[in-house]
Amino acid sequence: MNFLKIALLQTAPCGNSEDNLKKGLKCCREAKEMGADIALFPEMWSNGYDICDNPPENRNAVAADSEFVNAFGELAKELNMAICITFLEKYRERPRNSLVLFDKFGERKLLYAKVHTCDFGAEKDLTPGDDFYVADTDTSCGKVKVGAMICYDREFPESARILMLKGAELILVPNACPMEINRLSQLRGRAYENMLAVATCNYPETVPDCNGGSSVFDGVAYLPELSGSRDTCICMADGKEGIYIAELDMDMLRDYRKREVHGNAYRRPKKYGLLTDTKIEKPFIREDYRE
């Protein structure tokens, strides 16, 4: 068996980027001691998702090649452990909600900015990302095709679907909101329908408007030796601050993807043109959408 050990760093921020850097590095070291192959932070760890009281330029933003971000690349190389660090990215006139994924050699594999920004709230002043990406990421248990979504991205089936079509085996999802039954069901559904694993890291219950509940769904619903389906949840954290380890069986997942009927197996994309037709009338529920 080939297990990828994923560390969900369900920890509370400290109030400033300097202290968040120190605590983040410490958590990564603890995760490595627990056997982790990859460590995932909650959404916008650099400032603890503190954007509500900042002007549009967000003076606490950091560049993608800043000392804050690069420190995690250096640590990834030192620990021989992949790290997915999240931050408010300094970007042109308006910043982005971003992450960088470093592989175990400390090489930058992904820079992803949240595509579906929460334009109904404080994120309306942020710059949305423009695409979804998948990267072959070196880990201690070999290469893994990793993609990413950030929080609100998971509420759009298209996000995970695109990542699946680009080959993702594992989707990393930094998060900063209450993880209740409906949002957890979304994650379970994204994993099931795309035959991939979804790992989500949230802030603990001590952080306002958050409640922990970090999770990993492995996407493997059926096994030949079972008469029915299995629970795809392999990790579910409670609300407390801590580091939670999930063991993802990559061999089982890859074998499952070869023989099951979901994902890209029987899609009919020629029938889905309406999904990307921008000339149709606006959605009937809300009209204030941004293309």
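Residues are numbered from 1 along each chain as its sequence is written. Because the model is predicted, local features need pLDDT of at least 70 and side-chain atom pairs count only at pLDDT 80 or more, whereas totals for chains, interfaces and linings use all residues; side-chain values use heavy atoms, with hydrogens and water left out.

Helices (H or I, at least four residues) and strands (E, at least two) are DSSP runs numbered from the N terminus. Axes are lines fitted to C-alpha atoms, for helices over the stretch in contact, and angles run from 0 to 180 degrees between N-to-C directions.

| Helix pair | Angle | Axis separation |
|---|---|---|
| α1 (residues 17-33) and α2 (residues 67-79) | about 15 degrees | 11 Å |
| α3 (residues 157-165) and α4 (residues 181-194) | about 35 degrees | 10 Å |

α1 and α2 are therefore roughly parallel to each other, a class that takes angles under 35 degrees, with over 145 counted as roughly antiparallel, 65 to 115 as roughly perpendicular and the rest as oblique. α1 passes α2 in a right-handed crossing, meaning that the near helix is turned clockwise from the far one by less than a right angle. In terms of contact (heavy atoms within 4.5 Å), Ser-17, Asn-20, Leu-21, Gly-24, Leu-25, Cys-28, Arg-29 and Lys-32 of α1 meet Phe-68, Ala-71, Phe-72, Leu-75, Glu-78 and Leu-79 of α2. The residues of this contact comprise 8 nonpolar, 3 polar and 3 charged, where Ala, Val, Leu, Ile, Met, Phe, Trp, Tyr, Cys and Pro count as nonpolar, Asp, Glu, Lys and Arg as charged, and the others, Gly among them, as polar.

Within α2, the buried residues (under 20% relative accessible area, with a 1.4 Å probe and protein chains only; exposed is over 50%, partly exposed in between) are Phe-68, Val-69, Ala-71, Phe-72, Gly-73, Leu-75, Ala-76 and Leu-79. These buried residues pack against α1 and also against the strands β3 (82-89), β4 (96-102) and β5 (108-113). α2 is followed by Asn-80, which has a positive phi, near 60 degrees.

In the other pair, α3 and α4 also cross in a right-handed sense. Pro-157, Ala-160, Arg-161 and Met-164 in α3 meet Arg-190, Glu-193 and Asn-194 in α4, and by class this contact has 3 nonpolar, 1 polar and 3 charged residues.

Glu-123 lies in the loop between β5 and β6 (134-139) and is buried, with a relative accessible area of 0%. Apart from neighbours within four places in sequence, Glu-123 is in contact with Glu-43, Tyr-49, Ile-51, Asn-97, Lys-114, Thr-117 and Cys-118.
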